[in-house]
Amino acid sequence: SEKQITLEVERKFIVPADCETLIESLGGTLIEEKHFQDDYYDTEDYSLTIRDYWLRQRDGIWQLKYPPEQRAESSSTSQYCETDSEDQICELLTKVLQSYLGRHDMHVSGIVPVSNIVSSICHNFASFKTKRKSYKIDDIKIDLDMMDFGFNVGEIEIIIHRRSDLSQALSRIDDLASKLGVKEEVSEGKMENFLRTKSSSHYNQLVCLGVLSKKD
Ligand code: V4E
């Protein structure tokens, strides 16, 4: 049978003025309103983000977002794996940082706390607070985010557990986006906006490598 996976399929959008009313008229309900703080970490040569690995502490909890082994081609929607398991994060970091560790004559033996790895080889490159309103329509989640640096973004998300559910998830996201009156233009993510406006050399490296797409 098919391999069980957990894949976040999401599309960012510029929030239209009447968005919340529209969500409610489509049967959506407000499930949560919360504030949280994200602190992102990388090595000084950006070994993680150049490989599209995003290591953060959200309100003190370690989380890692990283690219899946296979991805469907989609210009408007992105797909990432995410884990909150410190053991798994440690394993993934040890693998992805292998060449960095080798070059610095360092090694990580076995499972160690993520904060040990981070405190010895990483620095904080982005920190921000989010005010988030989360709505739900069936298994579709809609997040409306307001950032403390003056940027707003919406996100439509479906979590799938089988690769065969991907194409349906992509079309359901696009269908909902058009019902919300979302324009074709896809919004920057909060990290893209943060780096573009506050850390242009890191931003330009990631755009050059194709990790982030250039804002037109
Ligand atoms: C995957 C990624 C980053 C990590 C943060 O991801 P994002 O979805 O922006 O964060 P958030 O806070 O909404 O996470 P959630 O609460 O849903 O877990 S930073 C940059 N990326 C890659 C990326 C990309 N290439 N393009 C776009 C539009 N967004 C993100």
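Reply: One definition comes before the questions: helices and strands here are DSSP runs, a helix having at least four residues and a strand at least two, numbered from the N terminus. The model is predicted.

Me: Which element gives the largest share of the lining of the second largest pocket?
Reply: The second largest pocket holds about 490 Å³ of space. Strand E5 (78-83) and helix H2 (86-96) are the elements that give two or more residues to its lining. The largest share, 4 residues, comes from H2.

Me: Which residues lie nearest the centre of the second largest pocket?
Reply: By class, the lining of the second largest pocket divides into 7 nonpolar, 5 polar and 7 charged residues. The lining has 19 residues, and those nearest the centre are Lys3, Ile5, Tyr66, Glu69 and Cys81.

Me: How many charged residues are in the lining of the largest pocket?
Reply: The largest pocket has about 1400 Å³ of space. It is lined by 49 residues, with Glu10, Lys12, Ser78, Tyr80 and Glu192 nearest its centre. The lining comprises 13 nonpolar residues, 12 polar residues and, as for charged residues, 24.

Me: What does Leu64 touch, not counting residues up to four places away in sequence?
Reply: Leu64 is one of the residues that touch the most other members of the largest nonpolar core. Beyond four places in sequence, the residues touched by Leu64 are Tyr53, Trp54, Leu55, Cys81, Glu82, Thr83, Ile89, Leu92 and Leu93.

Me: Is Leu195 buried or exposed?
Reply: Leu195 is in helix H6 (residues 190-198). It belongs to another core, of 18 residues, that lies apart from the largest one and has Trp54, Phe125 and Ala126 among its members. Buried means under 20% relative accessible area. Leu195 has 0% relative accessibility, so it counts as buried.

Me: What separates the C-alpha atoms of Leu195 and Ala126?
Reply: Leaving aside neighbours within four places in sequence, Leu195 is in contact with Phe125, Ser200, His202, Tyr203, Leu206 and Leu212. Leu195 and Ala126 are 69 residues apart along the chain, and their C-alpha atoms are separated by 7.9 Å.

Me: Which residue in E6 is the bridge partner of Gln37?
Reply: Strand E2 (residues 29-42) pairs with strand E6 (residues 123-137) in the antiparallel sense, over 13 bridges. For Gln37, the bridge partner in E6 is Lys129.

Me: Where does Asp59 lie?
Reply: Most residues other than glycine have a negative phi. The phi of Asp59 is a positive value, near 50°. Asp59 lies in the loop between E3 and strand E4 (61-66).

Me: Is Asp105 buried or exposed?
Reply: Asp105 has a positive phi as well, near 55°. It is found in the loop between helix H3 (98-103) and helix H4 (114-121). The cut-off for exposed is over 50% relative accessible area. Asp105 is at 73% relative accessibility and therefore counts as exposed.

Technical notes. Residues numbered from 1 in each chain as written. Predicted model: local features only at pLDDT ≥ 70, side-chain atom pairs only at ≥ 80, totals over all residues. Heavy atoms only, no water. Core = buried A, V, L, I, M, F, W, Y, C linked by side-chain atoms within 4.5 Å. Buried < 20%, exposed > 50% of the residue type's maximum accessible area, 1.4 Å probe, protein only. Contact = heavy atoms within 4.5 Å. 1 Å grid on protein atoms, 1.4 Å probe; cavity = no way out; pocket = protein on both sides within 12 Å on 5 of 7 lines; lining within 4 Å. Points joined across faces, edges and corners; volume = space filled by probe spheres on them. Nonpolar A, V, L, I, M, F, W, Y, C, P; charged D, E, K, R; others polar. Pairing = 2+ DSSP bridges.
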